[in-house]
Amino acid sequence: MNILGIGIVFNRGRGINCFENALQEGWQGPAEVEVPYLKNKKSFVYQVDSQTISDKTLLRKMRRSDKLSKMAVLSASDALKSSGIENLSPSPNPSSRHIGREGEKIGVIVATAFGAHVKTFDFLDDILDYGEDSVSPTTFSNSVHNAAASYVSSTLDIHGPTLTVTQFYFSFQYAMQLARAWLNEKRCDYILVGAVEQYGDVLGYVYDCKLTPAPDGRIKPFNFNPTFQVPGEGAVFFLMGRENSENSFCEVENIMIGEYREFKTGVDLNIIDTDGMLPDESVYMQSISPDIHTAAYSPLFGSMMTGSAFNCAAGALMLKNQKYYANPVLDNPHGINILIGNNPPISKGGMGGFSEQTKRSDIELIRCIRYSCHSEKAAIYLRKNH
Amino acid sequence: MQKTEAQQLAQIRKDLKEMLVRDLSLEDIKPEDIKDNEILFGNGLGLDSLDAVEIVVLLQRNYGLEVKDMEKGKEIFYSIDTLARYIQENRKNVS
C-alpha cells in the first residue's frame with residue numbers, strides 16, 4: 001500500500017507544502033485563547049483559524065457544516081490534488097461532478113478520537129437551554145460521528161465505501177489497517193484515509209483537569225515524565241493506493257498494533273507520538289535505540305489523539321524528499337539520540353542503525369510509534385518507494 | 001418611550017435578518033442585503049427545506065411561536081415581511 005497524496009490542515013495553514021515549511025522552520029509558539037472556565041486566564045492552543053478553512057469554491061455546498069467537517073473536506077481534497085493523478089483531482093467548478101466515475105473506485109475512512117464533540121456538546125446545551133423540541137436540526141446533523149466522512153464523500157463526489165473509525169488511542173492505525181484490507185480485497189482502487197480532531201472548550205477543560213498544560217506553550221516530547229501538553233486541532237488525509245505513482249510519497253510497509261514481534265532492522269528514524277497526552281510517557285523509552293535517531297513533531301501541530309497521522313505525514317515527506325527535518329523542540333534531559341540537524345551523521349550501524357553501505361542521504365525506513373496509557377503499542381512502518 | 005407598531009415591525013425585520021444570516025450560516029450575505037419582500041426559498045434567497053425546519057426552531061426559541069401547519073407555514077415563511085408580521089401579531093414573549 002502506497003501513500004500517493006497528502007492533504008493537511010493545521011494551525012500554520014493548509015497544504016503539504018505548508019507543513020513542509022513548518023518542518024523546515026521549526027517551532028513557533030501556539031496561540032493563546034480565552035477559555036470560559038478559567039477567569040482572567042488564557043490557555044495555549046494550536047488552533048486552525050477561520051482563514052485557513054475558508055474555501056469559497058469547495059465549501060460552497062457546505063455552509064451548514066462545522067469546522068471539523070470543513071477541515072476534513074479541505075485536506076481530503078488536497079490529498080487528491082497532491083497525488084497528481086489525472087481524473088482524481090477535484091474540479092474547480094463546484095457545479096460539475098468533481099471526480100465522475102473515478103469516484104466509485106475511491107473509499108473514505110476517517111479516523112477520529114473525539115469526532116464532532118463540539119457540536120455534540122452544543123446539541124446537549126440546546127436541550128438544556130430550550131428543551132428537546134427546540135433543538136437545531138443542523139446542530140444535530142453535525143453532531144453525529146460520521147458527519148465529516150459523509151461531507152468528504154458528498155462534496156468530492158466519492159461513491160465508494162465511507163466509514164468513520166473511532167478508537168481512543170489508535171484510531172488512525174486501525175483506519176490504516178482497514179484501508180490496507182480494502183485495497184487487498186480490491187473493494188477500492190484508492191482510499192482516502194484521514195485523521196481529524198477539533199479543539200473545543202469542553203475538551204480544553206478535560207485536558208486541563210487530567211493532563212499538564214505546558215506553561216510556556218512548548219510540548220517537550222523527550223521529557224517523558226513529567227509531560228506537557230498543548231491542545232491541537234486539524235486534519236490530515238492520505239490518498240492510498242496499491243501501486244505507487246510518479247508523485248507518490250512512500251510505501252506503508254506494515255501497520256502493527258498490540259502484541260507483535262519487533263521489526264527494527266534497517267530503521268533509519270523513529271518518530272514518536274509523545275505529546276503530553278499521557279501523564280507519563282516513559283514507556284516510549286522501550287522503543288528508542290541509541291543507534292537510531294528519534295524525532296517527534298508534535299510541537300508543530302499540538303497534542304492530539306490522532307497526532308500519529310501528522311507524524312506519518314512528516315515521515316512520508318522525509319522519504320519522498322530524502323531529507324531529514326530536525327526536531328522542533330530539542331530539550332533532551334535523558335540524552336537520547338534525537339534528530340538535531342537536517343543531515344544527521346551516519347550512526348554506528350548494526351541492528352536498527354544505518355548500515356555501513358547506506359549513503360548519508362538515503363532514508364529507507366521510518367517507524368512511527370505510538371503507545372496507549374496501557375502500554376499497548378502501535379507502529380506504522382514507512383518505506384521509501386523504489 | 002413606547003415604540004410605535006411600525007417601529008416594532010422594523011425592529012423585528014432587522015432582528016430576523018441578523019438571525020437568519022447568523023443561524024443559517026448564510027455566507028457572503030449581510031443582513032442589510034436581504035430585502036423585506038425578497039422570497040426566502042427557492043429562487044429568492046435560496047433557502048431549502050432544512051432551513052425551514054431551522055426557522056421553525058428559531059421562532060420557537062426566540063418568540064415562543066409554534067408553526068405546526070406547514071400550509072400556513074408557506075405563507076408565513078414567504079419573506080422577511082410576512083415572517084415579521086406573523087411574529088408581531090402572534091408573539092408571546094420576546095427574548
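This is a predicted model: local features need pLDDT of at least 70, side-chain atom pairs count only at pLDDT 80 or more; totals for chains, interfaces and linings use all residues.

Let me start where two helices meet: on the side of H2(A), the contact is made by A:Leu68, A:Ser69, A:Ala72, A:Val73 and A:Ala76, and their partners in H5(A) are A:Ala147, A:Ala148, A:Tyr151, A:Val152 and A:Thr155. As for the geometry, helix H2, residues 67-83 of chain A, packs against helix H5, residues 147-155 of chain A, at an angle of about 40°, and their axes are 8 Å apart. H2(A) and H5(A) are therefore oblique to each other, and their crossing is right-handed.

Now to the glycine, A:Gly232, which sits in the loop between helix H7 (201-210) and strand E8 (234-241) of chain A. Is A:Gly232 buried or exposed? It counts as buried, because it has 26 C-beta neighbours inside 10 Å, and the cut-off for that class is 20 or more. Leaving aside residues up to four places away in sequence, A:Gly232 touches A:Asn11, A:Tyr46, A:Phe301, A:Gly302, A:Ser303 and A:Met304. A:Tyr130, by contrast, lies 102 residues from A:Gly232 in sequence and 31 Å from it in space, C-alpha to C-alpha.

Finally, confidence: the model scores ipTM 0.81 and pTM 0.89. Chain B has a mean pLDDT of 87, with 94% of its residues at 70 or more; within that chain, confidence is lowest in helix H3 (residues 70-76), at a mean of 85, and highest in helix H4 (residues 80-90), at 93.

Methods: Residues are numbered from 1 along each chain as its sequence is written. Chains are lettered from A and ligands numbered from 1 in the order in which they are written. Axes are lines fitted to C-alpha atoms, for helices over the stretch in contact, and angles run from 0 to 180 degrees between N-to-C directions. Helices (H or I, at least four residues) and strands (E, at least two) are DSSP runs, numbered from the N terminus. Angles under 35 degrees count as roughly parallel, over 145 as roughly antiparallel, 65 to 115 as roughly perpendicular and the rest as oblique. A crossing is left-handed if the near helix is turned anticlockwise from the far one by less than a right angle, and right-handed if clockwise. Two residues are in contact if their C-beta atoms, placed from the backbone, lie within 7 Å. A residue is buried if 20 or more other C-beta atoms lie within 10 Å of its own, exposed if 12 or fewer, and partly exposed in between; C-beta atoms are placed from the backbone. pLDDT is the predictor's confidence in each residue, from 0 to 100.
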